[in-house]
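Please open the structure in a viewer and keep the selection tool at hand.

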Amino acid sequence: MATYLQRSATPWHALLFVLPMMLIYEIGTGGFDVPVTTTSVRVLATDDLAQAFGFFGATGRLMPPAAVIVLLLAMHLARKDDWRPGGATLLGMAGESAALALPLVVLGLVMANVMLVENVMLSGVVHGDDPDHTRALVLLSFGAGVYEELVFRLIAVPVLIMLLGDVLGLKPLAALVLAVTVSGLAFSLHHYRGDEAFAWSSFAFRALAGGYFGVLLHLRGFGVAAGTHAAYDLIVVLA
């Protein structure tokens, strides 16, 4: 019988776990128009995915969530895992994600102390007193958790490992470490595409956070990595 650690790392349970987050984000952003970033309440990774699909003639606002569903289902079918959902497993993943977000909170506070900067959310914005603004940031937290982990971890890390291992001939461990590092750096740079000015303090924190999520993806699967990302953002927004 599969253990919790085995079940929670499967693509099937990852899909069941992130589905509510995607629904909250997609339904919520359809009715909000609060300018949290220069692009409104949308995660830039979703726009990147939409543009990529548009290049092949596939258009539509729901293409990014469809990509998550199709990719995780394909991985599930390839692995031939059990289809039975585990409610206790999903609850455990929620608790685990919240617990795994705490080291990032501590890291952010320590870096803020050392570098004398304000601790910021991974998306590059901090919460305010306006209820509409805070609700918008909650939506952004769920969207960033799913879609940024999809682009920078679930897609980017395996592709980089394949290139580094199969093309450049690196050993598996070296390819994994380098892939996680590169994806973390790209993840950090991604946050400066709007109006936020580049700062070494926030860049370093986000790069470390990206590496942390990459390790979680490798050890605990996509669901826990996405949940931890969303949990961290939610803690910063609601604290």
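The model is a predicted one. Begin by selecting Met-111, a residue of helix α5, which covers residues 87-115. Met-111 counts as buried because its relative accessibility is 11%.

**Helix α9**

Next, select residues 222-238, which form helix α9. This helix of 17 residues reaches 24 Å from its first C-alpha to its last, close to the 24 Å expected at 1.5 Å a residue.

**The nonpolar core**

From here, turn to the largest nonpolar core, which has 40 residues. Select Val-18, Met-21, Val-68, Leu-72, Val-146, Phe-222 and Tyr-232, the residues with the most contacts inside this core. Helices α2 (11-31), α4, α5, α6, α8 and α9 are the elements that give two or more residues to it. Which element supplies the largest share of this core? That share, 10 residues, comes from α9. In soluble globular proteins, nonpolar side chains tend to be buried together.

Now centre the view on Met-21. With neighbours within four places in sequence left aside, Met-21 is in contact with Phe-142, Val-146, Ala-226, Gly-227 and Ala-230.

**Salt bridges**

How many salt bridges does the structure hold? There are four, and three of them are visited here.

Select Arg-220 and Glu-96, whose side chains meet in a salt bridge at 2.7 Å, N to O. Arg-220 belongs to helix α8 (residues 200-220) and Glu-96 to helix α5, so this pair ties together parts that are 124 residues apart in sequence. Arg-220 is buried, with a relative accessible area of 10%, and Glu-96 also counts as buried, at 17% relative accessibility.

Move on to Glu-149 and Arg-153, where the side chains form a salt bridge at 2.6 Å, N to O. Both residues lie in helix α6, four residues apart, which is about one turn of the helix. An α-helix has 3.6 residues a turn, so residues three or four places apart point the same way. Are Glu-149 and Arg-153 buried or exposed? Both are buried.

Asp-82 counts as partly exposed, with 40% relative accessibility, whereas Arg-84 counts as exposed, at 64%.

Select Lys-80, which is found in the loop between α4 (63-79) and α5. The phi of Lys-80 is near 60°, a positive value in a residue other than glycine. Most residues other than glycine have a negative phi. Lys-80 counts as exposed because its relative accessibility is 73%.

Finally, show the surface and select Ile-155, Val-159, Met-162, Leu-163, Val-167 and Leu-168. Together these residues make a nonpolar surface patch of about 540 Å². Val-159 has its place in helix α6, which covers residues 131-167. At 39% relative accessibility, Val-159 counts as partly exposed.

Note on methods. Residues numbered from 1 in each chain as written. Predicted model: local features only at pLDDT ≥ 70, side-chain atom pairs only at ≥ 80, totals over all residues. Heavy atoms only, no water. Patch = residues over 30% accessible without salt bridge, like charges linked within 9 Å, V, L, I, M, F, W, Y side chains within 5 Å. Areas by Shrake-Rupley, 256 points an atom, 1.4 Å probe, with all protein chains shown as cover. Buried < 20%, exposed > 50% of the residue type's maximum accessible area, 1.4 Å probe, protein only. Expected span 1.5 Å × (residues − 1). Core = buried A, V, L, I, M, F, W, Y, C linked by side-chain atoms within 4.5 Å. Contact = heavy atoms within 4.5 Å.
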